Amino acid sequence: MSKILGLIVILLICVSCNQKRKAEMSLSSYTYDFGIISSDIICRDSITITNVGNARLEIGEIETGCGCTQASVEKYELNPDESCSLHFSFNPKGKGLGAKEELIIINANTDSLFYILQVKAIIQ
């Protein structure tokens, strides 16, 4: 009986070792369109980042394409199923008129390594 119990314990340990724990990030939107905006107003908004994996998500650097776009998160570490906001802004001053696109790149400890939020606007 103790040998069977021992085998069951070993099998449970092996099965649990084979289930890799991974962090995985999901963005509530991968594209954000401010629409038609004036060249003299800074636009701000946010999206939600959620850890849809089964390990702690560690958000690293958040990079933007230029100084006209800023971004920050409320938390840099999220447990599984936990969410936080990614706040971002776009300053159209000096960007000229017409359609503009900027990227916000979010680095994390996931298989994908980074995620991209595309921010769009038409400056009038």
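Modeller: A salt bridge is a side-chain nitrogen of Lys or Arg within 4 Å of a carboxyl oxygen of Asp or Glu. This is a predicted model, in which local features need pLDDT of at least 70, side-chain atom pairs count only at pLDDT 80 or more, and totals for chains, interfaces and linings use all residues. Residues are numbered from 1 along each chain as its sequence is written, and side-chain values use heavy atoms, with hydrogens and water left out.

Biologist: How far apart are the closest N and O atoms of Glu 102 and Lys 95?

Modeller: Relative accessible area is read as buried (under 20%), exposed (over 50%) or partly exposed (in between), with a 1.4 Å probe and protein chains only. Glu 102 counts as buried because its relative accessibility is 11%, and Lys 95 is partly exposed at 27%. The two form a salt bridge, and their closest N and O atoms are separated by 3.1 Å.

Biologist: How many salt bridges does a search of the whole structure find?

Modeller: One of them joins the side chains of Glu 82 and Lys 75, at 2.2 Å from N to O. Glu 82 is partly exposed, with a relative accessible area of 22%, and Lys 75 is partly exposed at 33%. Over the whole structure, the number of salt bridges found is four.

Biologist: How many residues apart in sequence are the parts that Lys 22 and Asp 111 tie together?

Modeller: Helices (H or I, at least four residues) and strands (E, at least two) are DSSP runs, numbered from the N terminus. The side chains of Lys 22 and Asp 111 meet in a salt bridge of 3.1 Å, N to O. Lys 22 lies in the loop between helix H1 (2-18) and S1, and Asp 111 in the loop between S8 and S9, so the parts tied together are separated in sequence by 89 residues.

Biologist: Is Asp 111 buried or exposed?

Modeller: Its partner in the salt bridge is Lys 22, which is partly exposed at 41% relative accessible area. Asp 111 has a relative accessible area of 63%, so its class is exposed.

Biologist: Which element gives the largest share of the core?

Modeller: A nonpolar core is a set of buried Ala, Val, Leu, Ile, Met, Phe, Trp, Tyr and Cys residues joined through side-chain atoms within 4.5 Å. The largest one here has 27 residues, and Met 25, Phe 34, Ile 49, Ile 59 and Ile 106 have the most contacts inside it. Elements that give two or more residues to this core include strand S1 (25-27), strand S3 (43-51) and strand S9 (114-123). The largest share, five residues, comes from S9.

Biologist: Which cysteine is in contact with Ile 49?

Modeller: Contact means heavy atoms within 4.5 Å. Neighbours within four places in sequence are left aside; the contacts of Ile 49 then include Met 25, Leu 57, Ile 59, Val 73 and Ile 106.

Biologist: How far apart are the sulfur atoms of Cys 66 and Cys 68?

Modeller: A disulfide is a pair of cysteine sulfur atoms within 2.5 Å, and a search of the whole structure finds one. Cys 66 counts as partly exposed because its relative accessibility is 25%, and Cys 68 counts as buried at 9%. They form a disulfide with their sulfur atoms separated by 2.3 Å.

Biologist: Why is the pair of Tyr 32 and Phe 34 edge-to-face and not stacked?

Modeller: Rings of Phe, Tyr and Trp (its six-membered ring) pair if their centres lie within 6.5 Å; planes under 30 degrees apart count as stacked, over 60 as edge-to-face and the rest as tilted. The structure holds three aromatic pairs. The rings of Tyr 32 and Phe 34 have their centres 4.9 Å apart, and the pair is edge-to-face because their planes stand at 65°.

Biologist: Which strands stand at the edges of the sheet?

Modeller: Two strands pair if DSSP finds at least two bridges between them. An open sheet of five strands, with mixed pairing, has the order S2-S9-S8-S4-S6. One side of each edge strand is left without a neighbour in the sheet, because a single partner strand pairs with each of S2 and S6.

Biologist: Which residue in S9 is the bridge partner of Lys 100?

Modeller: S8 and S9 run antiparallel and are joined by 10 bridges. In S9, the bridge partner of Lys 100 is Ala 121.

Biologist: What is the phi of Asp 81?

Modeller: Asp 81 is found in the loop between strand S6 (77-78) and S7, and it is exposed at 67% relative accessible area. Although Asp 81 is not a glycine, its phi is positive, at about 70°.
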